[in-house]
Amino acid sequence: MGAHPPTTKAVPTTGTPSGGPTGGEPQDGLQAGLKNRHLSMIAIGGVIGAGLFVGSGAGISAAGPGILLSYALTGLLVVLVMRMLGEMAAASPTSGSFSAYADRALGRWAGFTIGWLYWFFWSVVLAVEATAAAAILTGWVPAVPQWAWALLVMVILTGTNLISVGSFGEFEFWFAGIKVVAIVIFIVVGALAIFGLPPGGEAVGTENLTGHGGFLPHGPGAILSGMLLVVFSFMGSEIVTLAASESPNPVQAVRKAVNSVIWRIAIFYIGSIAVIVTLLPWNDPSVIKSPYVAVLKSLEIPYAGTVMDIVVLTAVLSCLNSGLYTASRMAFSLGERGDAPKAFKKVNKGGVPAIAILASVAFGFVATIFSYTSKDTVFQFLLNSSGAVALFVWLVICFSQLRMRRVIEREMPERLTVRMWLYPYLTYATIALIIFVIGYMFYDEDGRKQMVLSVVAAVVVLAVGLILDRRRPREQAATEAATEAATEAAKAE
C-alpha cells in the first residue's frame, strides 16, 4: 500500500521520558506538570462522559432493562482495549499514544490516519460540548444569547489549556471530582430506595426489570442496538495514556489506570443505569427524556432538575476541557512525526503546544458556528462522519498490540509490566467483536448513515496519508542529494 514496513524499535524516539520508562522530563518539550492526583481523577472521570447523563435515555428506550447487557458488553470491550493500550503505553509512554504505536507497528499510514481521525473527532466534540453548555447556561441567564455562552466557555478553557498542563489538570481534577461524587451519591441514594429505605418507600423488587414487556421487551437484537447507542459514551477512557507522558511517573500512572478500569465501568455506568431501570419503568417518558432527573424527582429530591443541570454542565465542561487537551496533544504528536505542520510541535514557555491548541479550538469554533447556522446539514455531516471513529481507534489499537507485543518481548521484556490477558487469543476475539459491531452498524438503519460517512472520512484521510507516504522517500532522497552536492562543493572550494 505504499507504506513503509513496521519498524522493529519498541520505544519511540520522541515523547519518551528522558529518565527512562519511569520518570524525568519529557524530551519532546512537554513538561511533566500533571500530579498523581490529576492523573487519578482524569482516569476515573475519563469514563464518565456527558453522554452518560444525557444520552442514556435513548439506550434505555431502545433496549429496555436489557440496556444493562449493552453496557456490560461495551464495557468489556473497553476493558480489553484499554488493557492492550496499557501494555504498549506502559512500555513506551508517549503523547501520541495509540497513533504513535500504530505508526511503528503497522506503518506510517496507520499512525497518520488514526491520529487525524482522532483529532477530527475531538475537535467536533468541542462544538458539541460548547453548544450543550451554552444551552444550560442560557436556561439560567436567558438575557445572554446562547452563542455568547458557547464562545465564553471555549475562550476560558482555551486559556486554561494555554497556561500550563498543570492548569488543565487542576480544572479537570475538580470537574471530574464533581462528576464522581454526583454519581456515587446517586447510586447510594438509589440503592437505599431500591431496598425500601429512605428516601424511598417500599422495596421495589424486580417488577421494573421483568415487567413492562420483560427484561428484553424488544428482543435480544435490541442489545446490539443499545450497544451502538452507548459505545461512543465510553470514548475518553484512553485519554489517561496521552496525559501520562506529561507526568513524573508515566508507567505507574498507566498501570493504575488500566488496572482500575474494570471497577470504574462497573460502578459508574452499570451501577447507575441499574438504579434507573430498577427504580422506574423503562418506558416511562420521563426516563427516556432525562433518566437521572426522573429518578431524583421520583424520590422527591428537592431541586432535582437544577441539581442535574449543574452535574451535566460540569460533565460537559470536563469533556470540553479534556477534548481540547486531547486534540492538541494528538496534533502535537503528529507534528513531531512530520504528519502535521511543524508549528504544531512548538511549545510555549508553559511547556504546552500553543499552536496545536489554537488550531484545534479554531476548528471547534468553526464547527460551533455551523451548529447554529447549519445544524441539519454541515454540522450533522461533521457529527456523522466522526461518529464511528471510536471503533476505528479500538480496532487499530488491537492490531498494533498484536505486532508490538512481539517486539517488546524480544527487545525489552523488562518493560512488559502490563500484559494483555490470554494473548493473542483475547486480542483476536476483541478484533472479531469490534468488526461485528461495525458490520451491525451497516445493517442497522440508524447506524448505517453514520458508519458510511465515517468510512468515507477514513478513506479520504487514509488516501492523503498514503500519498504523503509515497512522496516522503523522494523528498528524502532529494534532500540527501542536495546535502551531498553541497558537501562536495564545499570540498572543492
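This is a predicted model: local features need pLDDT of at least 70, side-chain atom pairs count only at pLDDT 80 or more; totals for chains, interfaces and linings use all residues.
Let me start with Asp444, which is buried and yet has no salt bridge, the nearest side chain of opposite charge being that of Arg448, 7.3 Å away. Where does Asp444 sit? The residue is placed in the loop between helix 19 and helix 20, the latter covering 445-492. What does its side chain reach, if there is no salt bridge? The side chain of Asp444 comes to 2.9 Å from the backbone nitrogen of Gly447, and, if we leave aside neighbours within four places in sequence, Asp444 is in contact with Ser225 and Leu228.

Now to the charged pairs, because a buried charge can also be found with a partner here, as Asp103 and Arg337 are both buried and form a salt bridge whose closest N and O atoms are 3.5 Å apart. This pair links distant parts of the chain, with Asp103 in helix 5, residues 97-105, and Arg337 in the loop between helix 15 and helix 16, at a separation of 234 residues. Arg337 has a relative accessible area of 15%, and it therefore counts as buried, the limit being under 20%. Beyond its neighbours within four places in sequence, Arg337 has contacts that include Gly96, Ser99, Ala100 and Arg108, as well as Asp103 itself.

In total the structure holds seven salt bridges, and I will go through some others. Arg329 forms a salt bridge with Glu246, with the closest N and O atoms 2.7 Å apart. That pair, too, links distant parts of the chain, since Arg329 belongs to helix 15 whereas Glu246 lies in the loop between helix 11 (239-243) and helix 12 (250-279), 83 residues apart. Arg329 is buried, with a relative accessible area of 1%, and Glu246 is buried as well, at 0%.

The pair of Arg410 and Glu411 forms a salt bridge with closest N and O atoms 3.9 Å apart; here Arg410 is exposed, with a relative accessible area of 52%, and Glu411 is partly exposed, at 38%. There is also a network of salt bridges that links Glu87, Arg405 and Glu409.

Next, the backbone. Which peptide bond is cis? The bond from Tyr423 to Pro424 is, with omega near 0°, and Pro424 is placed in the loop between helix 18 (389-411) and helix 19 (425-443). His212 lies in the loop between helix 9 (207-210) and helix 10 (221-230), and counts as partly exposed at 35% relative accessibility. Glu300 is in the loop between helix 14 (291-298) and helix 15 (304-336), and at 72% relative accessibility counts as exposed.

Finally, the surface. Which residues make the nonpolar surface patch of about 450 Å²? The patch is made by Val184, Val188, Leu192, Phe195 and Leu197. Of these, Leu197 is found in the loop between helix 8 (165-194) and helix 9, where it counts as partly exposed, at 42% relative accessibility.

To return to where I began, Asp444 is buried without a salt bridge, whereas Asp103 and Arg337, both buried, are joined by one.

Key: Residues are numbered from 1 along each chain as its sequence is written. Side-chain values use heavy atoms; hydrogens and water are left out. Helices (H or I, at least four residues) and strands (E, at least two) are DSSP runs, numbered from the N terminus. Buried means under 20% relative accessible area, exposed over 50%, partly exposed in between (1.4 Å probe, protein chains only). Patches are made of residues with over 30% relative accessible area and no salt bridge: like charges are joined within 9 Å, nonpolar side chains (Val, Leu, Ile, Met, Phe, Trp, Tyr) within 5 Å. Accessible areas come from the Shrake-Rupley method with a 1.4 Å probe; for residues, only the protein chains shown count as cover. A salt bridge is a side-chain nitrogen of Lys or Arg within 4 Å of a carboxyl oxygen of Asp or Glu. Lys and Arg count as positive and Asp and Glu as negative; His and the chain ends are not counted. A polar contact is a pair of N or O atoms within 3.5 Å; within protein, one must be able to donate a hydrogen and the other to accept it, and residues adjacent in sequence count only if both atoms are side-chain atoms. Contact means heavy atoms within 4.5 Å.
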